Amino acid sequence: MDSAFSQLCVLGSSLVLIFGLILLWRRGVTAYINAFVWQSTVLSAVTATVGYFGNDRELYWVAGGLFLLKGVAIPRLLRRMERRFAAERELEPYVNTATSLVVSGLLVLFGYAITRPLVALSQLPTRAGMPLAMGLVLVSLFVVISRKKALTQVIGFLMLENGLALLAVLGTYGIPLIVELGVFLDVLMGFLVMQIFIYQIHETFESIDVEQLNRLRH
Amino acid sequence: MAPAPLLLAVMLAGYAAGALAALAARGALGRGLVAGCALVGALAGLLLGAVCLGAGLAPTFTASFLPLTGLALRLDGLSAFFLILIGVVGAAVAVYGFGYTEAYEGRYSLRWLGALLNVLLLSLSVQVMADNALTFLMAWEAMSLSAYLLVLTEHDQPGTVRAANWYIAITHAGFAALVAMFLLLSAGELTTSFAAMRAASLAPQVRDAAFVLALFGFGAKAGVVPLHVWLPMAHPVAPSHVSALMSGVVIKMGVYGLLRVTIDLLGGGPAWWGGLVLGLGTVSALLGVLYALMEHDLKRLLAYHSVENIGIIFIGIGAGLMFQSYGLTTLATLGIVGGLYHTINHACFKGLLFLGAGSVLHATGTRNMEEMGGLIKRMPRTAFFFLVGACAISALPPLNGFASEWLVFQTLLGGSAIPQPEVAVIMPIAVAMLALTSGLAAACFVKAFGITFLAIPRSPEAEHAHEAPRSMQVGMVSLVLLCVGLGLAPFAVVPLLGSSLAGLGGLAPTAVAFTLALPLHVPGTFGQMSAPLLALGLALLLALVPLVLRVLGADRRLRVADTWGCGRIGQTARMEYTATAFAEPLRRVFAELYRPSRDLSIDFHPASKYFVQSIEYRSEIHPWFERVLYDPLLHGLRGAATRVRRLQGGSVHLYLVYMTLALLVLLTVARWRT
């Protein structure tokens, strides 16, 4: 029973990380949004699994909320933005694909190294997934740094948020519902603010390339 | 003490009501409410101080406020003395402000001016009663910030913002030093109470460090050279009644703090503490007056004189600290009493002079003395009040400046009681410097009064000047009376001041040191002085002059002619002696210090160089400190800031990289730290 649980956790975590890695080699916002939808879906599935095996009813609610927010609502807003900025779909990163993949590999290794004491300490059957979640956090940060278009950075931020949520679920069997609700609200607010910013940036510079912001310095 | 809590409540309520009323009411009603509430608060504070000082006990009153906030007040002799000082100047300023701020109607925010004035008075009063470091620092900060905002009142005038920035920068540097000092004094205990600090036994090095920090922090507020640079900038640009309050009271908080910390909390220290204070005081006194001599901006001139007088106060306190370290407690008390006496005297006459300068500014719209002249005919009362202030600050008997400077001199002459040769050299040098300072101050006020009020108006504005409104005159008259009263009655004031020090830092029981007698005896020295007899003598002497002239057979016919006209007819203002010309000899004598830059351009008539068409003379002095001390400092700061600024590439990605790197480094450290 426990081994099946732990296998499912590792499988789910790996999928979550892989959907994150898609950002590194696919080009085009549509692909990113799809990857984010799948990642969020898998994340809510993992949450539900932990709820099922850990006998925690609350986690079903969290899983449902996660799916509705990150699998349905935010992607819809993202698609609307994508249509708006259709002319800017080509995304050229600062770092090319091959290098990005190598760096990401190193970051995931780093994630393993960092979480080792946590994994050693934990008795939970879910512990094997934690390094993958940490890896996703680091890789998402790398995405945010290395991409130019604001839309990509927003998706990178949302994936980072997913990584943290996954870490929380795996590490502690989920945080209390009320905290989780607060985090949802936080994500939604953060996303809306970023959305407004992107529209503003687009209005000011006629582009969502954040390099343009350099011009603000004087 | 039944009346004390009541008076305290009235005082706090008065100021608080004034601050609120200022925001609520407008126009003449608003100004009246501001002035009225501030007056009530100031008078209540004055009475509170007087009641406690009269009782002669210390401490007479303790209050712990709102336990959760950690505020605590305690009223002892020193607090009572400073409460009186705040009350005296605060009351005069409040009344004066009613008339003075009328001109601000519609130009500047009168509501904030009135509210902040009350906040400033409130924070000053709380400050001197603070019984723990928290209360003290909070009141200190409230005082600094409200004074800063008051300086900014005329924010659209050139130089105001710059002056306010200097003020706030230096005062906050001082604040940082004070926080560090209180941390040292608390000796690692989690307490801010003054009682615990008094009881703490600290290592000598810690005490020395605390003293140096205190001297820096309080010196910055008091405007001691070389921390004075903000003072001649900030005082002139503030509204004049605020200048009077700042110069009369706010900078005295530096004196209060220094006494509270070095005498009360630390209980005195080694001789070099006193020596340092004495030295700084001497330098401040001399440089303050020397720079004042070169000023032609009336309020800047007065501001430099504040530096000078703070110097004199510090001389008294420094000498007192020195005597205390040698165990000569009577002389120590004498020195500190001299300092305190000069503190309240300076508050009175400098407050008066700033109010007088405010009336002149109000009437002529300029602070430049070269555009004044002849005002004695147009505003005779203001001229008289200013003259009294000028005589007092020049230490002419029988006014108050003389009494306190005489006491400081007596203290310094007592230096021979110390058996150390180096001290025996320091004190006479200080005496000489102080004497030079007094002489130069008198010269400076001959200039200030003469150029401003005498002769012919130099500009149309001065020509059409008008006397100050009644409320402003009332404010000035109250201070005039105090200047005369404090000067005539040192025999009554000095024992009172002595009792305000009772119980602090093992100073002598002052009832023994001073007794209430008509001639003031100075124990430990040979000096004695009776101000009333002196005044009588002077009056007789003045009466004698015409008598003697009559006897000698002077010409008795009445002649009407231009003063100093040398028989010329049709003098114009261009023939007058100017302030620049008056100061020129001293500018040459002290050229080494001033390093004046002169620029003389003469236009000759093309036919002959003996016919001059116009002469333009420009002379500027550049204060030495700003160049030597502050320019490198500012330069270094700017350099460092430029270097740090390179981190700010302006690229969002760069900032994200910083954040990520910081995260990675932190994770690594947390993971692999043993």
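Student: What makes up domain 1 and domain 2 of chain B in this predicted model?

Tutor: The domain assignment of chain B gives domain 1 as 269–534 + 578–589 and domain 2 as 624–672, bounds that come from an automatic or database assignment. The C-alpha centres of domain 1 of chain B and domain 2 of chain B lie 47 Å apart.

Student: How many helices and strands does chain B have, and why is chain B called as compact as a globular protein of its length?

Tutor: Chain B has 27 helices and six strands. Its radius of gyration is 27 Å, close to the 26 Å that the globule rule gives for 674 residues, so chain B is as compact as a globular protein of that length. Along the principal axes, the C-alpha trace of chain B spans about 100 × 70 × 60 Å.

Student: What makes a residue count as buried, and what share of chain B does so?

Tutor: Buried means under 20% relative accessible area, and 54% of the 674 residues of chain B count as buried.

Student: Why is helix 21 of chain B called mostly covered?

Tutor: Helix 21 of chain B runs over residues 490–500, and eight of its eleven residues are buried, that is, under the 20% cut-off, so the helix is mostly covered. Among the buried residues of helix 21 are B:Phe491, B:Val494, B:Leu497 and B:Gly498.

Student: How do you know which contacts in chain B join residues at least 24 apart?

Tutor: Contact means heavy atoms within 4.5 Å, and among contacts in chain B between residues at least 6 apart in sequence, 79% join residues at least 24 apart.

Note on methods
Residues numbered from 1 in each chain as written. Chains lettered and ligands numbered in written order. Predicted model: local features only at pLDDT ≥ 70, side-chain atom pairs only at ≥ 80, totals over all residues. Heavy atoms only, no water. Helix = DSSP H or I, 4+ residues; strand = E, 2+ residues; numbered from the N terminus. Rg over C-alpha atoms; globule rule 2.2 N^0.38 Å. Buried < 20%, exposed > 50% of the residue type's maximum accessible area, 1.4 Å probe, protein only.
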